Amino acid sequence: MTDIAFSPAKPSFSPLRLQTRSLGWQVGAVVLGTLFLSLSSYIEVPMVPVPVTMQTFAVTLIGALYGWRLGAITIAAWLVEGAVGFPVLAGGAAGASHFVGPTGGYLFAFPLVGALVGWLAERGWNGSRVLLAFAAMVLGNLACLVLGTAWLAVMIGLEQAITFGFLPFLVGGFLKSALGAATLKLFSGNKTEPAGKAS
């Protein structure tokens, strides 16, 4: 049999190899990950009712590098920081009110998005297969948009939610997915998995 895209998880899915590190390393990775997510939140293009940020780039990248479990934990920790008042959300915003407003659906989607991309990365959709990495990032961005738009639709109606909460973010989602896949490729170096390797 030969390897396929959904092959079993491999220990080397990420160059960080966090799944083999000590608890101290993993805690440190969570802290660094929340800092990276916070910085990505400050790169913002103001729009109404939902701003464009680099958050989904950071969320999908952390999922791909950390794996689905640690990625989701890191993203959830960042959201808790924002909920309790740290200025880590879009544009330096903070507070629990953002989790019940127009952006709430996107925020709650982030840990799920990170877990999805991480799960795919563990199965070969990572920097060693750049097209699959791009596909994983696209799926993550689309999942975020769908869940965020569904939440927004409850507040302003489906048509308005699609117009203002989905369509304007499609191009940016594809661009951030390409950037994420390229970043994974850089992290992975020039290593590629041999075609037709026996499993």
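This tour moves through the structure above in a series of selections.

The model is predicted, so local features are taken at pLDDT of at least 70 and side-chain atom pairs at pLDDT 80 or more, while totals for chains, interfaces and linings use all residues. Residues are numbered from 1 along each chain as its sequence is written, and side-chain values use heavy atoms, without hydrogens or water.

**The whole chain**

Select the protein chain and colour it by secondary structure. It holds 7 helices and 2 strands, where helices (H or I, at least four residues) and strands (E, at least two) are DSSP runs numbered from the N terminus. Along the sequence, the order is α-β-β-α-α-α-α-α-α. Of the 199 residues, 45% are buried; buried means under 20% relative accessible area, exposed over 50%, and partly exposed in between, with a 1.4 Å probe and protein chains only. Among contacts (heavy atoms within 4.5 Å) with a separation of 6 or more, 70% join residues 24 or more positions apart.

**Arg 17**

Next, select Arg 17, which lies in the segment before H1. Arg 17 is not a glycine, yet it has a positive phi of about 50°. Its relative accessibility is 38%, so Arg 17 counts as partly exposed.

**Helix H1**

Continue to H1, residues 23-41. This helix has 19 residues and reaches 27 Å from its first C-alpha to its last, close to the 27 Å expected at 1.5 Å a residue; the expected span is 1.5 Å times one less than the number of residues. Its buried residues are Ala 29, Val 30, Gly 33, Thr 34, Leu 37, Ser 38, Ser 40 and Ser 41. An α-helix has 3.6 residues a turn, so residues three or four places apart point the same way.

**H1 with H2**

Now show H1 together with H2, residues 55-66. Their axes are 8 Å apart and the packing angle is about 160°; axes are lines fitted to C-alpha atoms, for helices over the stretch in contact, and angles run from 0 to 180 degrees between N-to-C directions. H1 is therefore roughly antiparallel to H2, a term for angles over 145 degrees. On the H1 side, the contact includes Phe 36 and Leu 37, and on the H2 side it includes Phe 57 and Tyr 66. By class, this contact has 11 nonpolar, 4 polar and no charged residues. Nonpolar covers Ala, Val, Leu, Ile, Met, Phe, Trp, Tyr, Cys and Pro; charged covers Asp, Glu, Lys and Arg; the others, Gly among them, are polar.

**Helix H5**

Select residues 130-156, helix H5. Its 27 residues should span 39 Å at 1.5 Å a residue, and the end C-alpha atoms are 38 Å apart, which agrees. Among its buried residues are Met 137, Asn 141, Cys 144 and Leu 152. The buried residues of H5 pack against H2, helix H4 (104-122), helix H6 (158-165) and helix H7 (170-188). Just after H5, Gly 157 takes a positive phi of about 95°.

**H4 with H5**

Finally, display H4 beside H5. Their axes come within 8 Å and cross at roughly 155°, so H4 and H5 are roughly antiparallel to each other. The contact includes Tyr 106 and Phe 110 of H4, and Leu 147 and Trp 151 of H5. Its residues divide into 18 nonpolar, 5 polar and no charged.

Conventions: Angles under 35 degrees count as roughly parallel, over 145 as roughly antiparallel, 65 to 115 as roughly perpendicular and the rest as oblique.
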